[in-house]
Amino acid sequence: MTGHAKGGPSAGVTSAGAPLRIGKVALNVRDLDTMSAFYQQVVGLIQIESAGQTVLLGVDGAVLLELRGNADLRFASPLDAGLFHTAFLLPTRADLGSWLLNAVRLGVPIQGASDHMVSEAIYLADPEGNGIEIYWDRPSQDWTWRDGMVEMSTLGLDVQSLAEVARMNIWNGLPSGSSIGHVHLQVGDILAAQAFYSELLGMDIVHRVSGASFYSSGGYHHHIATNVWNSIGASTRTEGTTGLASFELIANNPTLYNDVFARLNTFATHSHEDRVEVEDPWGTTVILRSA
């Protein structure tokens, strides 16, 4: 229904306020020092903890990114299943503009900049080739929904307007309230991804384009996306490579956690006291936790 999300009006919908939201993303990296410095200096995360070959980075004291260092790792192929990008969500358009101005000042290579109708986004990659999106959301009441599907597109970003709105907004790292808004994955098969992320995990398919599907909880435009643009036919990833190790889905109420947990019991899982871990068909670990 136009102007409405599944479950009700779309006004006030946020990524973090959804029944299921993205928590921490973990990456396997070869050069821990270089990668940690990049995510602090370029993305704007703060180091929360460092122990051995693990660095935890985040904002507001919450961990958003875990880097697991191992110099013996092989670099993943861009044709493998795994991470397409981790999407860091900033609170305001001025924040995104400030990030962009700082990236230009640092000489960071930008790979793309798009207006997706529901959001505005800037794309880059870290030193080991992991994709990154930095974005902000337009108010959800301005998103357009038709028959349970949200309208998104890839239009040119008005970079000049973005820079102008940021000129009085000094960049001091990711601002309070920033989060990982969504995770975009490379998979080997769209229908197999649908069976896992929609039928097993219970997320709504809210947008489709050629070779990609977008999954949502609670009427957000997407928390997870899967595509086969580079990875069609990819098999389960082998161990010992760089890239995505795991990401968290956090259930914001115990009933939902129990419902998803019950479905996961039919799948190969690893249960712990406070979470359950399950691998998608391509070897990425999804960790379900209760808030």
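This is a predicted model: local features need pLDDT of at least 70, side-chain atom pairs count only at pLDDT 80 or more; totals for chains, interfaces and linings use all residues.
Helices here are DSSP runs of H or I with at least four residues, numbered from the N terminus.

Let's start with the whole chain. It has five helices and 21 strands. Its radius of gyration is 18 Å, close to the 19 Å that the globule rule gives for 291 residues, so the chain is as compact as a globular protein of that length. Along the principal axes, the C-alpha trace spans about 55 × 50 × 35 Å. Buried residues make up 53% of the 291. If you look at contacts with a separation of 6 or more, 71% of them come from residues 24 or more positions apart.

Now zoom in on helix H1, residues 32–43. From first C-alpha to last, its twelve residues reach 15 Å, close to the 16 Å expected at 1.5 Å a residue. Which of its residues are buried? Leu-32, Met-35, Ser-36, Phe-38, Tyr-39, Val-42 and Val-43 are. These residues cover an arc of only 165 degrees around the axis, which puts them on the same side of H1. On the face turned away from that buried side you'll find Asp-33 and Gln-41, both exposed. Just after the helix comes Gly-44, with a positive phi of about 105 degrees.

A pair of aromatic rings is described by the distance of the centres and the angle of the planes. With centres counted as paired within 6.5 Å, the model has seven aromatic pairs. In one of them, the rings of Phe-38 and Tyr-39 sit 5.5 Å apart centre to centre with their planes at 85 degrees, so this pair is edge-to-face. Phe-38 and Tyr-39 are both buried. Ring pairs also bring in Phe-88, linking it with Phe-38 and Tyr-39 into a cluster.

For a stacked pair, go to Tyr-257 and Phe-261: their centres are 6.1 Å apart, with 25 degrees between the planes. Where do these two sit relative to each other along helix H5? They are four residues apart in H5 (residues 254–264), so about one helical turn separates them. Their surroundings can be read from the accessibility values. Tyr-257 has 11% relative accessibility and counts as buried, because the cut-off for buried is under 20%. Phe-261, at 24%, counts as partly exposed.

Technical notes
Residues are numbered from 1 along each chain as its sequence is written. Side-chain values use heavy atoms; hydrogens and water are left out. The expected span of a helix is 1.5 Å times one less than its number of residues. Buried means under 20% relative accessible area, exposed over 50%, partly exposed in between (1.4 Å probe, protein chains only). The arc is that of the directions from the helix axis to the C-beta atoms. Rings of Phe, Tyr and Trp (its six-membered ring) pair if their centres lie within 6.5 Å; planes under 30 degrees apart count as stacked, over 60 as edge-to-face and the rest as tilted. The radius of gyration is taken over C-alpha atoms; the globule rule is 2.2 Å times the number of residues to the power 0.38. Contact means heavy atoms within 4.5 Å.
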